[in-house]
Amino acid sequence: MTYRITLLPGDGIGPEITAVARAVLEHVAALEGFRIEFATCAFGGASIDEFGEPLTEATLKTCQASDAIFLGAVGGPKWDRADARPEAGLLALRKALGVYANLRPAAVHPALAGKSPLRPDLVAGTDVLIVRELTGGIYFGTRERSADSASDKCTYSRGEIERVARIAFEQARLRRGKLTSVDKANVLETSRLWRDVVTEMGARDFPDIELDHMYVDAAAMHMLRAPASFDVIVTENMFGDILSDEASMLPGSIGLLGSASLGENKPGLFEPIHGSAPDIAGQDKANPFGAIEAVAQLLESLGETAAAGRIRDAINTMHEAGEWTGDLGGSLSCSQAGVKLVERLEAEA
Ligand code: ATP
Ligand code: MG
């Protein structure tokens, strides 16, 4: 089996972390006996520098022809002028791929409980997956503005809710069988439709999944009071934006987490959740685990679950041994962390 993967290193620490993640990916491929063909393209600021735009037609074609897309990070102060923004390339890519579901897992490893801003006994056992609707809702509604008033319209259709809810139910089935749907159905009409559609789908297609509903304000509190009680959360775009950033703080470093953006058809887009971190770029200091976690998600989406499991086991072994980059109080550089991880993969093979 050969997979075609488009690699978009991007800007800032993007090239450093994707180089490490690529080496890890090549190693597990060899261990599991599949092949990967990489196509590397400039993207974001790097593409503005080379081609004058953040996403070229050629890069988009390459992405669309691949089985998965792996992205480092985009942006930085160098491109903070108005005419060509690296971030516009990312929005255009997501739109062209039609990725309507964003999956962000946040798990707290026991060895890292002390690094969390919450008390270790509160975060212990936390392993939550937030499934956020990514292409609808208030972020994509019509906006109006006059001198003294403004409005943003929030719309959801049954179909938009069903397709993201289905992904969330399926993820719950692969995990601990529990789904929490988050809305504001005591106030918003879109939330009432959301709740109806999720409830109907659960009863009809996923009777084995334990489904509950929570208002977004209660969910935000609960995320701090009892984060370990969540399995999978599904929610609309803006609520998911806020809740997933809240959850991303629990594991102790923004450098640990990956995300997957999925649509109806392949390819999905996989990236660490952090930005390009211009303050540490080029210093070989970044934590590559978030990018490597995104690689594990990429492999899962390809059905290579054993390869993903090998990666997560090796990361866990490093956590247990306290083998960390500086953001977690360790002494490894980005590239050293990658070399160690590959050693762990070999040792555990
Ligand atoms: P964006 O706007 O692109 O989402 P940002 O500018 O808000 O991102 P980041 O680029 O994620 O934020 O950086 C926020 C802080 O976290 C910075 O101090 C950065 O150095 C740090 N950081 C981000 N990613 C990593 C990483 N992989 N390893 C270590 N530190 C990181
Ligand atoms: Mg930024």
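Predicted model: local features only at pLDDT ≥ 70, side-chain atom pairs only at ≥ 80, totals over all residues.
Helix 6 covers residues 158-174. At 1.5 Å a residue, its 17 residues should span 24 Å. Several residues of helix 6 are buried, among them Glu-160, Ile-161, Val-164, Phe-169 and Gln-171. The cover over the buried residues includes strand 4 (101-107), strand 5 (127-133) and strand 8 (178-183). Helix 7 (189-205), strand 10 (232-235) and strand 11 (258-262) also contribute to this cover.

Helix 8 (residues 216-225) packs with helix 9 (residues 237-248) at an angle of about 10°. Their axes are 10 Å apart. The angle is under 35 degrees, so helix 8 is roughly parallel to helix 9. From helix 8, Val-216, Ala-219, Ala-220 and Met-223 take part in the contact. They meet Phe-239, Leu-243, Glu-246 and Ala-247 of helix 9. Seven of the contact residues are nonpolar, none is polar and one is charged.

Ligand 1 is surrounded by 14 residues. The closest are Gly-255, His-274, Gly-275, Ala-277 and Asn-287. The shell contains five nonpolar, seven polar and two charged residues.

Most residues other than glycine have a negative phi. Ala-277 has a positive phi of about 45°. This residue lies in the loop between strand 12 (268-272) and helix 10 (289-301). Ala-277 counts as buried because it has 24 C-beta neighbours inside 10 Å. Asp-284 also has a positive phi, near 55°. Asp-284 is found in the loop between strand 12 and helix 10. With 16 C-beta neighbours inside 10 Å, Asp-284 counts as partly exposed.

Terms used. Residues numbered from 1 in each chain as written. Chains lettered and ligands numbered in written order. Near = placed C-beta within 6 Å. Nonpolar A, V, L, I, M, F, W, Y, C, P; charged D, E, K, R; others polar. Helix = DSSP H or I, 4+ residues; strand = E, 2+ residues; numbered from the N terminus. Expected span 1.5 Å × (residues − 1). Buried ≥ 20, exposed ≤ 12 C-beta atoms within 10 Å, placed from the backbone. Contact = placed C-beta atoms within 7 Å. Axes fitted to C-alpha atoms, helices over the stretch in contact; angles between N-to-C directions. Parallel < 35°, antiparallel > 145°, perpendicular 65-115°, else oblique.
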